[in-house]
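Please keep the sequence and the coordinates at hand while reading.

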Amino acid sequence: MATRKLTEETFDATIRSSEKPVLVDFWASWCGPCRALAPVVEEISDEMSDELTVCKVNVENDQDLAMRFQVMSIPTLILFKGGKPVHTMVGSAPKARLVKELREHL
């Protein structure tokens, strides 16, 4: 299962309509740590597809979403449950740590 790209137009409907928690990766193409984290996010998307949906927001294209969720540094991962943010992870981290943190909030 590949990650889904979200935009200002699709964000709210996607987050609210998801029956599973949604992990959103706020990133930018010029961000080295974002590029390093991207394969890890894809692996999590594949391996945890039964438990959550993984989406990406390019902050270059959708700055309003980044501002709305107070994304001050990228990469930032925000886990949404029931349409609301429940956990935020800032910066790059090893896959094991990300999975552990996600599981604590699922």
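A disulfide is taken here as a pair of cysteine sulfur atoms within 2.5 Å. The model is a predicted one, in which local features need pLDDT of at least 70 and side-chain atom pairs count only at pLDDT 80 or more, whereas totals for chains, interfaces and linings use all residues. Residues are numbered from 1 along each chain as its sequence is written, and side-chain values use heavy atoms, with hydrogens and water left out.

The structure contains one disulfide, and the cysteines that it joins are C31 and C34, with an S to S distance of 2.5 Å. The torsion about the S-S bond of C31 and C34 is about 80°, and the disulfide is therefore right-handed. Both C31 and C34 are buried, a term that stands for under 20% relative accessible area, while exposed stands for over 50% and partly exposed for values in between (1.4 Å probe, protein chains only). C55, by contrast, takes part in no disulfide, and the nearest cysteine sulfur, which belongs to C34, lies 16 Å away. With a relative accessible area of 0%, C55 is buried.

## Packing of helices α2 and α4

Helices (H or I, at least four residues) and strands (E, at least two) are DSSP runs, numbered from the N terminus. Helix α2, residues 32-47, packs with helix α4, residues 95-105, at an angle of about 45°, and their axes are 10 Å apart. Those axes are lines fitted to C-alpha atoms, for helices over the stretch in contact, and the angles run from 0 to 180 degrees between N-to-C directions. Angles under 35 degrees count as roughly parallel, over 145 as roughly antiparallel, 65 to 115 as roughly perpendicular and the rest as oblique, and α2 and α4 are therefore oblique to each other.

The crossing of α2 and α4 is right-handed, where right-handed says that the near helix is turned clockwise from the far one by less than a right angle, and left-handed that it is turned anticlockwise. On the α2 side the contact is made by L37, V40, E43, I44 and E47, and on the α4 side by K95, L98, V99 and L102, contact being defined by heavy atoms within 4.5 Å. By class, the residues of this contact of α2 with α4 comprise six nonpolar, no polar and three charged; Ala, Val, Leu, Ile, Met, Phe, Trp, Tyr, Cys and Pro count as nonpolar, Asp, Glu, Lys and Arg as charged, and the others, Gly among them, as polar. E47, which is found in helix α2, counts as exposed at 53% relative accessibility.

With a relative accessibility of 62%, Q70 counts as exposed.

D25 is found in strand β2, residues 22-27, and is buried, with a relative accessible area of 1%. D25 and K5 are 20 residues apart in sequence and 9.5 Å apart in space, C-alpha to C-alpha.

K5 itself lies in strand β1, residues 4-5, and is exposed, with a relative accessible area of 70%. With residues up to four places away in sequence not counted, K5 touches T10 and K56. E60, in turn, is found in the loop between β3 (53-58) and α3 and is partly exposed, its relative accessible area being 33%. Under the exclusion of residues up to four places away in sequence, E60 touches W27, A28, S29 and W30, and E60 and F26, which are 34 residues apart in sequence, are 9.7 Å apart in space, C-alpha to C-alpha.
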